[in-house]
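Please have a look at the model before I go on.

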Amino acid sequence: MGMVFNNLVVGAPGPIRTVLVNRQDVLNALDADVIAELGACFAALADDADLRCVILSGAGPKAFVAGADVAAMSTMGPWEARAFAAAAHETARRIESLPVPVIAAVNGFALGGGLELALCADFIYAARSAKLGFPEVGLGVIPGFGGTQRLASRVGLSRARELVFTGRVLSAEEAGTYGLVNAVVEPEALLPAVLAVAEAIASKGPLAVAEAKRAMRLGLDMPLERALVLEQELFAGLFATHDQKEGMAAFLAKRPPRFERR
């Protein structure tokens, strides 16, 4: 059964699912309801045994997510802002920790909270028309949904400081040179390009992909020696699975593998 939300459009069940933020009248801006729906959506996706990859994007031609809803934030006090950010952080954790890869397809504006949402994905593809940045300091605030931390892990601390302190908005090409996005394509080619990558991922051993994601995600916060031990443990654990036996048998027999996620 498909998932139905007021502010999201979720694709039909299958190995690859699309999740579109759909508030086109406000350029898909994030408010409390959208954040809650994204959290509920990714919590449900985590229990989908058939899932292999998620494509996260924005509905319409103009925006991925143009940012957090400034009109909604303008009347907040400190306690309300803290609760708003806490809810966004919980949703970000659910997206980032999903056992399958998430690819952000940035089809337009990805500013402020929108770029923070994209940074929760494992990697980003962008349309040539996309604009990405953190303009929050121009509003008298800072990125509050994880941007001050996740941006530095993608582009390095020095460039992250420059982008956050100046509020400069990057073109898709500039974001590519910074390493913020993996590829820049023409707008009409964005979803086909991302779908091709998702299909390549979906064809691989799902347990292996999940453990590779886990190793890289958790290893970032560990000293190198501990991260290498984690990798060793996850590598060894896969040798107790059917999929490892099937994958290697298929390779030796020169036939396609039939993975069963067990």
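The lining of the largest cavity is made up of 9 nonpolar residues, 2 polar and 1 charged. Here Ala, Val, Leu, Ile, Met, Phe, Trp, Tyr, Cys and Pro count as nonpolar, Asp, Glu, Lys and Arg as charged, and the others, Gly among them, as polar.

This is a predicted model, where local features need pLDDT of at least 70, side-chain atom pairs count only at pLDDT 80 or more, and totals for chains, interfaces and linings use all residues. Numbering starts from 1 along each chain as its sequence is written, and side-chain values use heavy atoms, with hydrogens and water left out.

A cavity is a set of points, on a 1 Å grid over the protein atoms alone, where a 1.4 Å probe fits but cannot get out; lining residues have an atom within 4 Å of a point. Points are joined across faces, edges and corners, and the volume is the space filled by probe spheres set on them. How many cavities of 30 Å³ or more does that give? The count is 2.

The largest holds about 100 Å³. Its lining includes L30, I35, E116 and F145. Helices are DSSP runs (H or I, at least four residues), numbered from the N terminus. α1 (32–45), α3 (78–96) and α4 (113–119) each supply at least two lining residues, and α3 gives the most, 4.

The second largest cavity is about 60 Å³. Among its lining residues are R52, P99, I201 and R261. Helix α9 (residues 206–219) contributes the largest share, 3 residues. This lining has 7 nonpolar residues, no polar and 2 charged.

Notes. 1 Å grid on protein atoms, 1.4 Å probe; cavity = no way out; pocket = protein on both sides within 12 Å on 5 of 7 lines; lining within 4 Å.
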